[in-house]
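Below are some notes on the model you sent. They start with the cavity and then turn to the sheet and the helices packed on it.

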Amino acid sequence: MKTKKEENGIEIITRSPSPTKEANDLIDALKRQGIQVYRELYDGHKHIDIAIPNAKINVEVDGIHHLTNPKQILADLNRGYYSHKNGYQTIHIPNEMIRMYLKEILEALAEASKIRERKIQVHLD
């Protein structure tokens with residue numbers, strides 16, 4: 001379910017935290033690869049479809065409205081700002097791409113997560 005609210009003159013489109021089938025498919029596949037993921041994690045500003053905290057990666061699994069609705073584009077840019085401010089990078093993957101290329105996306109995202117996790121660990125040591 002989508003709801004709308006006004007924030008600083010910008011209409012923000014939000015949705016109740018109910019992951020899409022594509023988001024669930026990717027989450028389940030990442031977990032099978034041993035990647036620690038959180039579904040619909042709330043970071044204080046928004047719900048993130050898929051959070052990979054050890055790698056500081058957020059994954060948003062998006063419908064077409066994220067590319068065709070100007071207000072949604074602005075809302076997504078605003079959301080990305082807060083993630084970046086918290087040290088996270090966000091990747092947006094359209095639902096259609098997950099339906100067509102789940103295996104390839106899974107492999108690339110799992111490997112990228114492991115590389116980032118190692119780099120973050122080195123900086124913490």
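1. This is a predicted model. Helix 3 gives the most to the lining of the largest cavity, with 4 residues. Strand 5 (57-62) and strand 6 (89-94) join helix 3 (70-85) in supplying at least two residues each.

2. The structure holds 1 cavity of 30 Å³ or more. The volume of the largest cavity is about 40 Å³.

3. Which residues line the largest cavity? They are Lys46, Ile48, Asn58, Glu60, Asp76, Arg79, Gly80, Ser83, Thr90 and His92. By class, this lining has 1 nonpolar, 5 polar and 4 charged residues.

4. On the sheet: 4 strands form an open sheet with mixed pairing, in the order 3-4-5-6. Strand 3 (38-42) and strand 6 are the edge strands, each pairing on one side only. On average, neighbouring strands of this sheet are turned by 40° against each other, direction ignored. Strands of a sheet pair through backbone hydrogen bonds, either parallel or antiparallel.

5. Strand 4 (residues 47-52) and strand 5 run antiparallel and are joined by 3 bridges. Ala51 has Asn58 in strand 5 as its bridge partner. Asn58 is also one of the residues lining the largest cavity.

6. Helix 1 (residues 21-32) lies across strand 3, strand 4, strand 5 and strand 6, and runs at about 20° to strand 4. Helix 3 packs on the sheet and touches strand 4, strand 5 and strand 6. The direction of helix 3 makes about 145° with that of strand 6.

Key: Residues numbered from 1 in each chain as written. Predicted model: local features only at pLDDT ≥ 70, side-chain atom pairs only at ≥ 80, totals over all residues. Heavy atoms only, no water. 1 Å grid on protein atoms, 1.4 Å probe; cavity = no way out; pocket = protein on both sides within 12 Å on 5 of 7 lines; lining within 4 Å. Points joined across faces, edges and corners; volume = space filled by probe spheres on them. Nonpolar A, V, L, I, M, F, W, Y, C, P; charged D, E, K, R; others polar. Pairing = 2+ DSSP bridges. Axes fitted to C-alpha atoms, helices over the stretch in contact; angles between N-to-C directions. Contact = heavy atoms within 4.5 Å.
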